[in-house]
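Welcome! Please take a moment to look over the sequence and the 3D view below before reading on.

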Amino acid sequence: TNNGYTLGTTVNGGTLVAQALANNSNNTITVNSGGTFIFNRTDTFGSHGATVLTPIVINDGGVVRSGSSNIFNALGSVTLNGGTLESIGGITNWSWNDTPRDFALKGDVTVGGSNTSTIAGPGVLLGSAAVTGTTFNVSNGAAPVDLRVTAGLADGPTPGWWYAQPSYLTKVGSGNMQLEGTNIYTGNTTV
């Protein structure tokens, strides 16, 4: 069952391991410098087809990641202000690809702050179910690279889950986004 509180979660230091949270637009997860938020179960906000309302804000020096392999979560809007979203090796039993994927980005990814933000790990999906891609809004900060994506980006699953659907990547904003992973998504790339 999900925790019923809906006034948000803030990690200012150390590690918070979450089993379940309410899927609510007022329930923002904020991770600050020295803090780590760990998703420790699959489908924290509902299945891959759910509309994820809970925003995530990862500030400079903060980290959000999965707790172990074989965990998958769809995420709504993610704001990176110099923080890190880290895939550590999620579900690998995709019928279309055995590369581990921890997260599906179903909301926009907004990048700000003066230091480089990072999306790291083996892999992240662009969208899921009715959401067929991800928009990255990257502001131009002081760092030479505003968003470094070392995770391989891949197509998200169809509403039926077991098959991939072509998923797009759209980059907006004047900042520099650098893709360094092995990307296998098949949808359009628009800058």
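## About the model

This is a predicted model, in which local features need pLDDT of at least 70 and side-chain atom pairs count only at pLDDT 80 or more, while totals for chains, interfaces and linings use all residues. Residues are numbered from 1 along each chain as its sequence is written, and side-chain values use heavy atoms, with hydrogens and water left out.

## The sheet

Let's begin with the strands (DSSP runs of E, at least two residues, numbered from the N terminus). An open sheet is formed by 8 strands, with parallel pairing, in the order β1-β3-β5-β8-β11-β14-β17-β19. The edges are taken by β1 (9–11) and β19 (189–190), each with a single partner strand, so one side of each is left without a neighbour in the sheet.

Two strands count as paired if DSSP finds at least two bridges between them. Strand β8 (residues 78–81) and strand β11 (residues 109–111) run parallel and are joined by 3 bridges. Here Val78 stands opposite Val109 in β11.

## A salt bridge

A salt bridge is a side-chain nitrogen of Lys or Arg within 4 Å of a carboxyl oxygen of Asp or Glu. Searching the whole structure turns up 1 salt bridge. Its partners are the side chains of Glu180 and Arg148, at 2.8 Å from N to O. Glu180 lies in the loop between β18 (177–179) and β19, and Arg148 in strand β15 (residues 147–149), so the pair ties together parts that are 32 residues apart in sequence.

Glu180 is partly exposed, at 37% relative accessible area, and Arg148 is partly exposed too, at 28%. (Buried means under 20%, exposed over 50% and partly exposed in between, using a 1.4 Å probe and protein chains only.)

Beyond its neighbours within four places in sequence, Ile119 is in contact (heavy atoms within 4.5 Å) with residues including Leu80, Phe136, Leu147 and Arg148.

## Aromatic rings

Rings of Phe, Tyr and Trp (its six-membered ring) pair if their centres lie within 6.5 Å; planes under 30 degrees apart are stacked, over 60 edge-to-face and the rest tilted. The whole structure holds 3 aromatic pairs. Phe37 and Phe39 have ring centres 5.0 Å apart and planes at 75°, so the pair is edge-to-face. Both Phe37 and Phe39 are buried.

Phe39 and Phe45 have ring centres 5.9 Å apart and planes at 80°, so this pair is edge-to-face. Ring pairs link Phe37, Phe39, Phe45 and Phe103 into a cluster.

Terms used. Helix = DSSP H or I, 4+ residues; strand = E, 2+ residues; numbered from the N terminus.
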